[in-house]
Amino acid sequence: MAKNNDQDQFKKVLSHAKEYGYVFQSSEIYDGLSAVYDYGQNGVELKKNIREYWWQAMTQLNQDIVGIDTAIFMHPTVWKASGHVDAFNDPLIDNKDSKKRYRADVLVEDYCEKHLQKANKEIAKAAKRFGEDFDAKMYAETNPRVMGYMKKATEPTARLAQLLEAEDLEGVKALIEELEIADPDTGSKNWTDVRQFNLMFGTKIGASADTATDLFLRPETAQGIFVNFLNVQKSGRMKIPFGIAQTGKAFRNEIVARQFIFRQREFEQMEMQYFVKPGTELKWFEIWKEKRMAWHRSLGMGDENYRFHDHEKMAHYANAATDIEFDFPFGFKELEGIHSRTDFDLKAHEEHSGKKLQFFDHEDNKSYVPYVLETSIGLDRMFLAVFSNSLVDEKLDGGGERTVLKLPAVLAPVKAAILPLLKKDGLPEIANEIVDELKWSMNVAYEEKDSIGKRYARHDLNGTPYCVTIDHDTKEDHAVTVRDRDTMTQERVAIKDLKSYLESRVSMSEWLRKI
Ligand code: GAP
């Protein structure tokens, strides 16, 4: 399957997600709400399974990690302490002619990406021309045209980073003008000044307008963990190092809302804060990098689709940071962030609340504010990674083609389709008995409509990993045919063994063992 910047593949992902009940535009009958999505009958199952796979890996496989579930509403000072009130901003710019709003940094990044694509195209063309002995690296370093594109692909990002760090918004506008960046929709270069725009959604709590308090919808779940650090540590008698995990909704008023569920205004995060002794944080940073990558790899979506992107420039409170990037249909992009956040958050909450958030270390006989390792992944982004990677067009051996949704079996919404070959001769009765037996341990679907071939094809498209067919022989041999979605091979399995046969292939505990 073609991947990088494959617009066609991305369009297919969007329409497949809708057609098969995975993702719908929110409020679609009212023409939708930008960057807000609903999950359909299959989507909710896939999402729940991803969340559960993460949750069990965190809280069940690690004796030193517990979970919590904190409220979306938090005291407004939380967001002052965390720095979100003052610094959770994106630089935005409006086009005066089209009245469209863009993120200034994204305009520059897109400019760079476009030139990187041009360079890659030139290199690919040359590779075709020169054949096997072609040295791509040497060509990129010596061919003037490629070098020109590469310069345009890298220099502006570095300049942008400097300007943003210096909070030089005039400089950012000047850069956009110098690069002659135009409104992607209209081509107009008539830009306003660049302004900072806070991404938090405000709301109010209280009975009347004059007594109401201003609140924010949380832009990350992490702060609920920080402010409960001591509650959990004391009530759970936790010893450092230990972790607290949480999944839940977060809200950001994203200016650039595109790429489907990749960047939404309402989304879900799965975050874990690991509290460690100061001075040991870089060791734990490396450990958590590896642990998180192992979790991703266990799903079998291709090791080549993941890479680390270490941050050179870090937020002032972090002393190490990396992203796990995934090869989405629009290229490698951040899927998960892993940060060594020092004691920044707990210290800030100590200062703003006046309460101590410290751990008494009996070995050292002293109290300290722990350092924190954070792993933070967007559930919706993981959903998109899984879904887009699984949607495959295949050429079949005997000719013909098929489209199949090769979801990791552990995440698939329906684990097995139970299909009587015919709607008669007692076959539906046997099929229903099988459903009644399996439904206690997995999601199964009963279907009797259409030919067996059509039903197989429908379940391939739906992502169901196994189809179980009950035929006339079943009455004699008490066995069924199990068809594997990915290999399309069929195996005869005794009904008495069917549950364990399927469980060993789809159950979460079996997959968790692969981590
Ligand atoms: N507590 C740290 C934190 O929130 P972040 O890099 O801003 O860090 C973490 O977000 C993860 O949340 C990202 O790696 C991404 O997967 C997901 N995420 C962030 N913004 C998102 C959005 N607007 N829509 C969907 N997922 C988002």
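**Exercise 1.** How far is a nitrogen atom of the ligand from a polar backbone atom of Q264?

*Solution.* First, some ground rules: this is a predicted model, where local features need pLDDT of at least 70 and side-chain atom pairs count only at pLDDT 80 or more, while totals for chains, interfaces and linings use all residues. Residues are numbered from 1 along each chain as its sequence is written, and side-chain values use heavy atoms, with hydrogens and water left out.

Step 1. The distance to the backbone atom of Q264 is 2.8 Å, a polar contact (a pair of N or O atoms within 3.5 Å).
Step 2. The ligand alone exposes 550 Å², and the protein buries 90% of that (accessible areas by the Shrake-Rupley method with a 1.4 Å probe).

**Exercise 2.** Describe the shell around the ligand.

*Solution.* Step 1. The ligand has 20 residues around it, and E220, E254, Q264, E271 and E334 come nearest (a residue counts if one of its heavy atoms lies within 4 Å).
Step 1. Sort the shell by class: five nonpolar, five polar and 10 charged residues. Here Asp, Glu, Lys and Arg count as charged, and Gly is among the polar ones.
Step 2. Strand 10 (266-276), strand 13 (331-340) and strand 16 (371-378) each give two or more residues to the shell (strands are DSSP runs of E, at least two residues; helices are runs of H or I, at least four).

**Exercise 3.** Into which domains is the protein chain divided?

*Solution.* Step 1. The chain has domain 1 (7-88 + 199-388), domain 2 (95-187) and domain 3 (414-512), with bounds from an automatic or database domain assignment.
Step 1. Taken over C-alpha atoms, the centres of domain 2 and domain 3 are 52 Å apart.

**Exercise 4.** Find two backbone features.

*Solution.* Step 1. Recall that most residues other than glycine have a negative phi, and most peptide bonds are trans.
Step 1. The peptide bond from I240 to P241 is cis, with omega near 0°. P241 sits in the loop between helix 10 (229-235) and strand 9 (242-251).
Step 2. K99, not a glycine, has a positive phi of about 60°. K99 belongs to the loop between strand 4 (89-94) and strand 5 (101-103).

How values were computed:
Polar contact = N/O pair within 3.5 Å; in protein donor to acceptor, adjacent residues only side chain to side chain.
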